[in-house]
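Please examine the sequence and the three-dimensional structure shown below.

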Amino acid sequence: MAIIRRRKQPEGESQQHPDPKPDEDDDKEEKALNSSGKRNKSKNYSCFDNCCWFIGCVCSVWWLLLFLYNAMPASLPQFVTEAISGPFPDPPGVKCLKEGLKVRHPVVFVPGIVTGGLELWEGHQCMDGLFRKRLWGGTFGEVYKRPSCWVQHMSLDNKTGMDPPGIRVRPVNGLVAADYFAPGYFVWAVLIANLARVGYEEKNMYMAAYDWRLSFQNTEVRDQTLSRIKSNIELMVATNGGKKAVIIPHSMGVIYFLHFMKWVEAPAPMGGGGGPDWCAKHIKAVMNIGGPFLGVPKAVAGLFSAEAKDIASARALAPGVLDSDLFQIQTLQHIMRMSRTWDSTMSMIPKGGDTIWGGLDWSPEEGYSPSKRKHEKDDTESSTQNETASEECEATYASYGRIISFGRDVAEAPSSEIERIEFRGAVKGNNVANNTCRDVWTEYHDMGFGGIKAVAEYKVYTAGDIVDMLEFVAPKMMERGSAHFSYGIAENLDDPKYTHYKYWSNPLETKLPNAPDMEIYSMYGVGIPTERAYIYKLTPAAECYIPFRIDTSAKDKNEDGCLKDGVYTVDGDETVPALSAGFMCAKGWRGKTRFNPSGIKTYVREYDHNPPSNFLEGRGTQSGAHVDIMGNFQLIEDVIRVAAGATGEELGGDQVYTGIFEWSEKINLKL
């Protein structure tokens, strides 16, 4: 076991910080006059503004190229692609139509975090003329036209998690809310188009749009979103001959709808008052796509340092772009300040602690890395390769249970050799004067060097430590989050405390509905390296910047290693590890368990990632990536067949490429 020493508490504050020295150049500049005798005037642009203008220019070039691409004859890209790689297969909608499949069950789409559009209903003077214009989704024009104002309007109140005074940003309604995230970048559009091929239209398709920034219960408090979903499902069932609905949530929408299923049957005023048999009467199947049932380690990195693997790699390649002392650009600080007001981000903190995710010396996926299968277009070769088991990790030692480690030596050391100093209750020290940190103020600036040092000296954090660590570094954010979300495992699900809404989105602290005829699918991509654990380091000038950073210098020498750029990866869809997406349907809900008392049938459907062979194929039709899977032909065909009346057994039951069942058996969870 690791050695944990208690920190000695100093009698007084641990640090004294002198006021910053005045900049002598400022006096010289103020005395400088131009040739006409007038003071030189400079435009009041911050470095954050300049960065956003640069992003805007890049986006403008992208839109121009996209316009030229769309201006080509529609048949040209397909003609060139087919000349290179052979004829395209029929889209799933066409294939199913040829087989005689028709509209049967109404379908409901539940989008995930960030993929739904948000529009302005009320704002400050800097947003004049933008009533009901999209602030999120679409062209994102306001990001680079008025970046500071945009950040202000996209942020929620830091105390309440609701609208700031004088600002109302609301979700876009209808199928257009999340069909495309941006021009040319589909989310739900391909699935909608294929459903339309077999006869679906808006009278039997419904997009359950919601403000994905809010906590799940607050979407009902502010917008009555849960009530609207309930009413629309009831209406669709009634107007479609009593046929139950097929629900298709994606990403965070998966746990949002899990919350809905408890809310709709709970008595008012906390719940929807639908009664204990509402789900049994109205829902045929819930087809969860890329669901973070048990959370994602990527959420921890986002809340802890406003970064993930891609951002960390970009910062390593161009350190001056995001937060260099030289350029004093504070892009990540602005992102952190804004995103930490979005309570929904806390819904994806890993759940289940060390029982699910592993401890210092073990993890369910121990010894495995993402699949190294190389895909070919030939179906026979692909079929053979898909049967190849995941290769063992080439790293010297990798304990995925150590979600955050300060230093590679700590990540790889035996737990008995790690000496940790307890951070809980440590004195944080003095605050830094606000003017030393310019115009961005995050909760890290309230920690002082003492608090920052305490976090680093604990050295390694497992899932059981993560919540306490986040409460230490971001107490205001976690105070709001703890009122709406919970991350534990219920000992007794009949305890009256679990009737509170904070437990409803955690599958380990709530029961599925009493609906034995309902089916639940876990559908997700695999075969892509997916973030599982991180190696961190302290940053210089720690109190004026985000003090912690992924150490991108930590990597395996072997290209097949599971440690790259400071991130340990496992099998998944690039965002959600297979363990989180698949465990509940593989074990937690499989058969009659205390989490599934009525024995709802569950199915695990994995889709092996096969990237497009050339750029003319776009994002591909066999992708397993977290968002691109929404265009996966096999997944779409499965959805259409279930919507047309098929059962999970008729689809072929489970379809598995990873070791999800073996990993699940390693988890000692009372069922």
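Predicted model: local features only at pLDDT ≥ 70, side-chain atom pairs only at ≥ 80, totals over all residues.

Strand β2 has pairing partners. It is joined by three bridges to strand β8 (residues 205-207), and the two strands run parallel. Within this pairing, F109 has M207 of β8 as its bridge partner. Strand β2 also pairs with strand β9 (residues 245-249), again in the parallel sense, over four bridges. Here V107 stands opposite V246 of β9.

The next topic is the interior. Buried residues account for 56% of the 671 residues in the protein. In soluble globular proteins, nonpolar side chains tend to be buried together. In this model, the largest nonpolar core contains 124 residues, and I233, F260, F304, I404 and V473 have the most contacts inside it. Helix α10 (residues 252-265) gives the most to this core, contributing 10 residues. Apart from this core lies another one, of 37 residues, which includes V198, Y200, Y603 and V642.

V473 can be considered individually. Leaving aside residues up to four places away in sequence, V473 touches F304, R340, E443, Y444, M447 and V455. For the protein as a whole, among contacts with a separation of 6 or more, 76% are between residues 24 or more positions apart.

The helices may now be considered. The protein has 25 helices, together with 19 strands. Helix α6 (residues 147-154) is mostly covered, as six of its eight residues are buried. The buried residues of α6 are P147, C149, W150, V151, H153 and M154.

How do helices α8 and α9 pack, and at what angle? Helix α8 (residues 216-223) and helix α9 (residues 225-239) meet at an angle of about 85°, with their axes 6 Å apart. Angles of 65 to 115 degrees count as roughly perpendicular, and α8 and α9 are therefore roughly perpendicular to each other. From α8, the contact involves F216, Q217, T219, E220 and D223, and from α9 it involves T225, L226, S227 and R228. The residues of this contact comprise two nonpolar, four polar and three charged ones.

How values were computed
Residues numbered from 1 in each chain as written. Heavy atoms only, no water. Buried < 20%, exposed > 50% of the residue type's maximum accessible area, 1.4 Å probe, protein only. Core = buried A, V, L, I, M, F, W, Y, C linked by side-chain atoms within 4.5 Å. Contact = heavy atoms within 4.5 Å. Pairing = 2+ DSSP bridges. Axes fitted to C-alpha atoms, helices over the stretch in contact; angles between N-to-C directions. Parallel < 35°, antiparallel > 145°, perpendicular 65-115°, else oblique. Nonpolar A, V, L, I, M, F, W, Y, C, P; charged D, E, K, R; others polar.
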